[in-house]
Amino acid sequence: MSVDTLTGMPRPAAARPAAAHSFRRPTTEGPLAKAILITIALGFLALFLVLPLIAVFIEAFRKGAGEFLAALGEPDTLAAIRLTLTVAAIAVPLNLVFGVAAAWAIAKFEFKGKAFLTTLIDLPFSVSPVISGLVYVLLFGTGSVLGTWLKAHGIEILFAVPGIVLATVFVTFPFVARELIPLMQDQGTGDEEAALSLGASGWQTFRYVTLPNIKWGLLYGVLLCNARAMGEFGAVSVVSGHIRGLTNTMPLHVEILYNEYNFVAAFAVSTLLASLALVTLVFKSFLEYRYGDEIAATAKH
Amino acid sequence: MDVSIRSVSKEFDGYPALHDVSLDIRSGELIALLGPSGSGKTTLLRLIAGLERPTAGAIFFGDEDASHRTVQERNVGFVFQHYALFRHMTVAENIGFGLKVRPAANRPSKREIRRRASELLDLVQLSGLEDRYPSQLSGGQRQRVALARALAIEPRVLLLDEPFGALDAQVRRELRRWLREIHDRTGHTTVFVTHDQEEALELADRVVVMSRGRIEQVGSADDVYDRPNSPFVFGFIGDSSVLPVRVENGKLWLQDRFIGIEVRDVPDGPASLYFRPHDVELLDGGGGCIAGTVTASRRVAGTRRVELEVGGARERVEIELPVDHPEAANSRISFRPRRWKLFPASGGTAALSATDDGSAGKADEAELMLAASL
Ligand SMILES: Nc1ncnc2c1ncn2[C@@H]1O[C@H](COP(=O)(O)OP(=O)(O)OP(=O)(O)O)[C@@H](O)[C@H]1O
Ligand SMILES: [Mg+2]
């Protein structure tokens with residue numbers, strides 16, 4: 001029998017299990033509220049994300065796998081895939097370097113114009129992609145000084161690969177920086193100072209201390225940046241000129257095929273883009289699953 | 001390694017964090033920088049380390065001017081307030097980091113680094129934790145790893161910023177003793193920052209008391225406690241009570257009452273009388289004492305603290321009595337400080353400049369120790 005420590009009186013034994021049973025953590029909702037919230041969330045996801053994704057695949061395979069493969073094997077399609085990969089291969093590393101540099105500057109130094117730089121980094125997010133494309137048309141178009149000069153020297157920017165790369169870089173540059181800035185600000189300069197005081201050079205400090213501290217954020221930023229670089233439509237559409245087999249990226253190619261009522265081909269290329277998104281997600285989940293402890297330790301430490 | 005700080009000032013965007021600080025640290029000494037928050041302790045420590053650059057002045061390591069040396073070149077061991085352990089490295093990798101990043105010519109082999117790390121872990125009494133990550137350690141253990149990491153580079157000077165600041169009282173006391181042992185064994189010149197006076201007085205060979213970007217006093221625990229050279233130090237170290245008094249012909253007056261203390265060589269005028277609440281003798285009224293009405297009486301551990309209202313201006317002072325003292329129950333108490341110090345009348349800067357031109361030194365000479373007559 002338990003004895004109440006305060007009064008010294010025997011406590012009725014039945015009262016305690018009952019009390020324990022009815023106790024619910026204050027932050028936990030009732031079962032009904034839980035069910036409703038889960039249903040809403042899952043229903044929304046199914047309706048807006050899963051259904052369209054399934055539809056894409058169904059449309060692509062409507063006339064069978066043979067037709068699907070044939071559509072992908074077409075030279076123009078192959079050219080579009082190649083161009084998309086090329087653009088991403090240039091834009092992503094550029095933004096990786098830029099993003100780390102910008103995040104480093106913003107998070108670890110105090111300088112004039114820092115707030116302005118932070119706002120500027122967000123610009124591509126806040127401005128419509130079409131405008132982002134138009135900026136380059138104005139900058140390098142035949143009417144502009146720069147455009148005329150470049151043309152005279154035989155360098156094509158607009159309606160050529162360089163223009164597409166520029167527009168893509170512009171649209172995707174916030175991804176890495178945005179991911180890193182809060183992370184690096186949160187971590188401060190303590191670890192770097194510790195490394196320097198132990199005799200490490202600037203590069204060693206970056207290599208052994210800063211980089212490992214930000215690697216998960218960096219990887220995530222790069223994944224997002226890559227997904228967007230391959231999927232960007234608006235800005236690229238303005239500067240590309242839609243020359244088949246030359247300046248068409250995959251998203252642009254999908255549009256052209258669709259407008260030509262070539263639905264199987266359009267959706268076949270779409271499946272590639274959709275798969276890219278899925279692969280990105282799976283890759284990210286895998287990393288979180290495989291290195292979850294380390295990521296959590298990095299985040300909370 | 002002797003460290004000499006010569007007239008160092010530091011400004012942050014025009015805000016002076018240190019004014020003209022000079023300090024000589026002898027080789028092998030354990031020195032505490034003690035002061036209230038914002039007094040510039042961390043700033044001074046970071047200047048010694050080379051993590052900040054002085055606005056003016058120079059810092060010498062031995063005979064060499066280190067002012068323009070980088071933090072890497074100074075070879076100091078710095079233990080940060082929040083440890084700053086590398087979270088993605090194991091304990092052994094953390095400790096070995098300073099050796100790993102050495103230029104190839106004098107970098108020990110991997111095995112040698114690992115051996116050194118284990119050796120240091122033994123020293124800080126954490127043997128067997130080589131492969132843990134910092135997140136798997138307790139606060140006290142992290143603190144020790146941080147110290148081992150700083151010791152690994154065989155630093156010329158060891159600098160610790162509030163080494164025990166984030167730990168609970170029990171662990172602090174343990175680590176304090178332990179740090180003293182390590183210091184005695186390794187003999188590193190060590191400077192540590194603290195705002196805990198007990199820690200500073202107990203641990204350090206000499207204590208540097210800082211306030212508002214200046215060094216107020218440097219001395220042993222006895223010096224700063226028994227012979228404080230400024231009102232600030234008197235008030236900051238240990239308990240203190242103050243009374244505004246007047247000097248007239250070498251006698252101290254509280255309003256119209258002579259309080260039974262005579263001084264020599266002190267100019268007439270207002271002054272502040274500082275004394276320790278426990279260092280008083282009770283008298284039975286009459287002349288030549290300080291008399292007050294009891295306004296509050298509190299039991300604090302082994303003693304009783306009595307708050308008195310003194311004189312017409314109702315100045316409040318605190319004195320400490322033995323718990324069983326018969327007078328403690330009275331409503332009126334007369335006493336006289338057994339030991340005291342007189343500083344020229346308050347008004348912070350006036351007192352400070354008085355310290356500089358030596359008139360506080362006269363007050364020093366005037367210090368009396370009245371024979372205990374209890
Ligand atoms: N990087 C900085 N930029 C601007 N002001 C600073 C900087 N570092 C310190 N200060 C200022 O210098 C003064 C001294 O700071 P410091 O950190 O040395 O104090 P402290 O004695 O270590 O205090 P605490 O006990 O709170 O750590 C403070 O007023 C602080 O605001
Ligand atoms: Mg500090």
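Leaving aside its neighbours within four places in sequence, I95(B) is in contact (heavy atoms within 4.5 Å) with A117(B), L120(B), L121(B), V145(B), A148(B), R149(B) and A152(B). This is a predicted model, in which local features need pLDDT of at least 70 and side-chain atom pairs count only at pLDDT 80 or more, while totals for chains, interfaces and linings use all residues. Residues are numbered from 1 along each chain as its sequence is written, chains are lettered from A and ligands numbered from 1 in the order in which they are written, and side-chain values use heavy atoms, with hydrogens and water left out.

**Nonpolar cores**

- I95(B) and L147(B) have the most contacts inside the largest nonpolar core, which has 42 residues; such a core is a set of buried Ala, Val, Leu, Ile, Met, Phe, Trp, Tyr and Cys residues joined through side-chain atoms within 4.5 Å, where buried means under 20% relative accessible area with a 1.4 Å probe, counting protein chains only.
- Helix α5 of chain B (residues 139–152), a DSSP run of H or I with at least four residues, supplies the largest share of this core, seven residues.
- Another core, of 39 residues, lies apart from it and includes L18(B), V21(B), L47(B) and L159(B).

**Ligand 1**

- The residues surrounding ligand 1, with a heavy atom within 4 Å of it, include F12(B), Y15(B), K41(B) and E162(B).
- α1(B) gives the most to this shell, with three residues.
- Oxygen atoms of ligand 1 lie 2.8 Å from a polar backbone atom of G38(B) and 2.5 Å from a polar side-chain atom of T42(B).

Terms used: A polar contact is a pair of N or O atoms within 3.5 Å; within protein, one must be able to donate a hydrogen and the other to accept it, and residues adjacent in sequence count only if both atoms are side-chain atoms. Helices (H or I, at least four residues) and strands (E, at least two) are DSSP runs, numbered from the N terminus. Buried means under 20% relative accessible area, exposed over 50%, partly exposed in between (1.4 Å probe, protein chains only).
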